[in-house]
Amino acid sequence: MTKWWQHATGYQIYPRSFQDSNGDGIGDLKGIQQRLPYLKKLGVDFIWLNPIHPSPNVDNGYDIADYRDIAPEYGTLADFKELLAAAHALDLKIILDLVVNHSSDQHPWFQAALADPTSKYRDYYIWEKPIFNEETQMPEAPNDWLSIFGGSVWEWHEASQQYYFHTFAKEQPDLNWEVPALRREVLDIVTFWLEMGVDGFRIDAISHIKKAPWSTPYDALRPFANFQNVPGIELFLQELGTVFKHYDCLTVGEASGVTAAQAPAWVGPHGYFDMIFEFDHLDLWKKTAADSLDVVGLKAALVRWQKALADGRGWNALYMENHDLPRSISLLQPPKNLEEKAGKALAMMYVLLQGTPFIYQGQEIGMENYPFTQPTEFDAVDSRHFYHELVTTGFEPREALSLVGKTTRDNARTMMQWDESVFAGFSNVQPWFQVNPNKEHLNVTTNLKNSQSLFCFYQELLTLKKNNPALNKGRFTDFQPENQQTFVYERQIADTRFLVMVNLTPQIAMLALPQQVENAELLLSNVEVTQSLGDTHHLTPYEARLYKIVTPANNSEEDIT
Ligand code: GLC
Ligand code: CA
């Protein structure tokens, strides 16, 4: 049976930077509500909101202090219910970010755990006594594992003479999933929101909830492996699934460290979630910030997931941007004036793969990285650490600034560019974070005025995907995996094939057509195409084309070369 999310597109909203409705410079729920018609126009079906709960914002909302309320700067629970109803009235669904690998250190559970080591909440977190080192005659942490945001995973608590564990920042203590009472709390939180009518969750950092034995050595090649998809995690995830299965909800797990081969266990017919965000293509994609794109590697990663989850073994979540990444067009670094064309090439390349596409706010209008000029402009906790680390290990401040500037997730967090006005239509006061000066020409208003814009290209892609079952459920086949410039693949059901051809480089790419090309109808491209498909022997820089090819019934299987 087809589920609603199998013919849907998601739109990710970073609430702080999307739309301010009350002039305090911070995006909010009412602002999102005002913009629902815009999302409807784009053609998406559901929205994923980054965390909207009360938080001291050490990690911009990923440090939650109350799982059942709304952060005052975003609005109230009543505002949220109103937003949910308004979205549903437009046939848009909303999923929330479920952040339960860790809480904020300001959460009442952690505060109780700090105040009283005999409190029942002490067990909700992970505590260890120091180990006495015979050699140095000093007490030390249980092991030398490193946290994802830098430094040890262990933080010392002087009053109780114990360490607690944190996968991310020290203000984000990990919750102890080994403890049944904690797991019950999580199930209750999930139920609370699903009963309110929320349509599902993006589940944050969920591959980290199980930890290896503390004696497991640290491995610099796989630095976080000791808390990534560690055996035993399946029991916790299955238990979580017992709640989800009572609702027609969508669950998408953030699953770093889960390989394509392991993915069917996570998202197959008996999997824990409906889909996961994989990190295979992402790691390669991120490297592009410092280097040119490894086309062969990127294709190999994407294709590996397409194949691993084919034939009912699972379902993919497709994405090129999110709140943790620099902007995709900036990663690709196309020459001047080819930015929009490159954006369209990327769009066609990933949206038409098998799976549910996610669009990150501003991606649809081609937003780009911010031109950072000073280290004080960095906001993300990990980027500030990274800059400091570079400078203390001998990098010139200018070099460090450039390196962090190109790679920081802050690039995704500048204000949504609605128009060319001074604060880009986001707010009428100075926003909490930067507005990219390129809002002058790069904004929603200019995109909506121009029928050839990136926005309109996304609109067309989503419509095509929705109206053609082969683009949704069709068999995926890629061609010429070793080609260093192009990504060519088809999606096929019975006698109908859709051929996707994308040049991912700033050079002309020669093209050897993979198949018979009679009856080819051009459905979408990012250039004006004058020759027939049969006469096409190359693609211009970042050219992208989509064809529909209907093969007469009697020779439908013989034309793949
Ligand atoms: C996830 C989020 C990221 C956050 C981290 C810790 O990776 O996407 O933004 O910093 O988890 O919660
Ligand atoms: Ca506001």
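**Exercise 1.** Find which oxygen atom contacts the polar side-chain atom of H323, and at what distance.

Solution. Next, D59 puts a polar side-chain atom 2.5 Å from a ligand 1 oxygen, and for R409 the figure is 3.0 Å. On its own, ligand 1 has 310 Å² of accessible area (Shrake-Rupley, 1.4 Å probe), and the protein covers 95% of that.

The model is predicted, so to speak for local features pLDDT must be at least 70, and for side-chain atom pairs 80 or more, while totals for chains, interfaces and linings use all residues. Side-chain values use heavy atoms, without hydrogens or water, residues count from 1 along each chain, and chains are lettered from A and ligands numbered from 1 as written.

**Exercise 2.** Work out how helices α3 and α5 pack.

Solution. First, take the geometry: α3 (residues 77–89) and α5 (residues 180–196) cross at about 55°, axes 11 Å apart. Then list the contacts (heavy atoms within 4.5 Å): L77, F80, K81 and L84 of α3 meet F192, W193 and M196 of α5.

Key:
Polar contact = N/O pair within 3.5 Å; in protein donor to acceptor, adjacent residues only side chain to side chain. Axes fitted to C-alpha atoms, helices over the stretch in contact; angles between N-to-C directions. Helix = DSSP H or I, 4+ residues; strand = E, 2+ residues; numbered from the N terminus.
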